[in-house]
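Please keep the sequence and the structure in view while reading.

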Amino acid sequence: LPESGVPQLVQPMIWDYTADLDVESKVQLVEKYQRCGFPKVWFASAFKGATGVNQSLTLIGHHLKNHLQWLQVASRTPPDVLEGIALTGWQRYDHFSVLCELLPVAIPSLAVCLQALKNGGYSEQVKENVEKLLGMSNLEIDTFMR
């Protein structure tokens, strides 16, 4: 693969939207890409639309846990190898499916995930920042927002 020149032309993206992402296997995958000659990799997470084809509300806690685990992978990845993380927000599972989790109901999830990535984790201060930014009195992480 290194002799083909492909690693100098593309940057692989490692996708995983699960709340129980296997950190160790992702670290090993990054190392494998490095051994194949890829100088940079991307991670891909989701802030909405990856938990069920008929889901209409966003469970922030699921997506937050995913991002916190990606931060663990990033902390074990050489800083010059990680190019970035793409926060995806899926609108439907395929072109024949109904829409799921419209953007307005997922904005609190997007805000929490972005703030967690920006701050390197989640804390009461991060929660308060999101509540202030969105004008909310009580951000609910482990239940559906009311």
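This is a predicted model: local features need pLDDT of at least 70, side-chain atom pairs count only at pLDDT 80 or more; totals for chains, interfaces and linings use all residues.

Leu1 lies in the segment before β1, and together with Val6, Leu9 and Val10 it makes a nonpolar surface patch of about 380 Å².

## Overall build

The chain contains 4 helices and 3 strands, which follow one another from the N terminus in the order β-α-β-α-β-α-α. Its C-alpha trace spans about 55 × 40 × 20 Å along the principal axes.

Among contacts in the chain with a separation of 6 or more, 75% are accounted for by residues 24 or more positions apart.

The largest nonpolar core consists of 10 residues, namely Ile14, Leu21, Val23, Val27, Val30, Val41, Phe43, Trp70, Val73 and Val81. At least two residues of this core are supplied by each of α1 (23-35), β2 (41-48) and α2 (60-75), and the largest share, 3 residues, comes from α1. A second, separate core has 8 residues, including Ile60, Ala111, Ala116 and Leu139.

Which residues does Val73 touch, not counting those up to four places away in sequence? With that exclusion, Val73 touches Leu21, Val23, Lys26, Val27 and Phe43; of these partners, Leu21, Val23, Val27 and Phe43 are themselves listed in the largest core, to which Val73 also belongs.

## The helix α2

The 16 residues of α2 should span 22 Å at 1.5 Å a residue, and the end C-alpha atoms of α2 are 23 Å apart, which agrees with that expectation.

The buried residues of α2 are Ile60, Gly61, His62, His63, Leu64, Asn66, His67, Gln69, Trp70 and Val73. Trp70 and Val73 are members of the largest nonpolar core, whereas Ile60 is included in the second, separate one. The cover over the buried residues of α2 includes the strands β1 (13-15), β2 and β3 (82-89) together with the helices α1 and α3 (103-119).

Methods:
Residues are numbered from 1 along each chain as its sequence is written. Side-chain values use heavy atoms; hydrogens and water are left out. A nonpolar core is a set of buried Ala, Val, Leu, Ile, Met, Phe, Trp, Tyr and Cys residues joined through side-chain atoms within 4.5 Å. Buried means under 20% relative accessible area, exposed over 50%, partly exposed in between (1.4 Å probe, protein chains only). Contact means heavy atoms within 4.5 Å. The expected span of a helix is 1.5 Å times one less than its number of residues. Patches are made of residues with over 30% relative accessible area and no salt bridge: like charges are joined within 9 Å, nonpolar side chains (Val, Leu, Ile, Met, Phe, Trp, Tyr) within 5 Å. Accessible areas come from the Shrake-Rupley method with a 1.4 Å probe; for residues, only the protein chains shown count as cover. A salt bridge is a side-chain nitrogen of Lys or Arg within 4 Å of a carboxyl oxygen of Asp or Glu.
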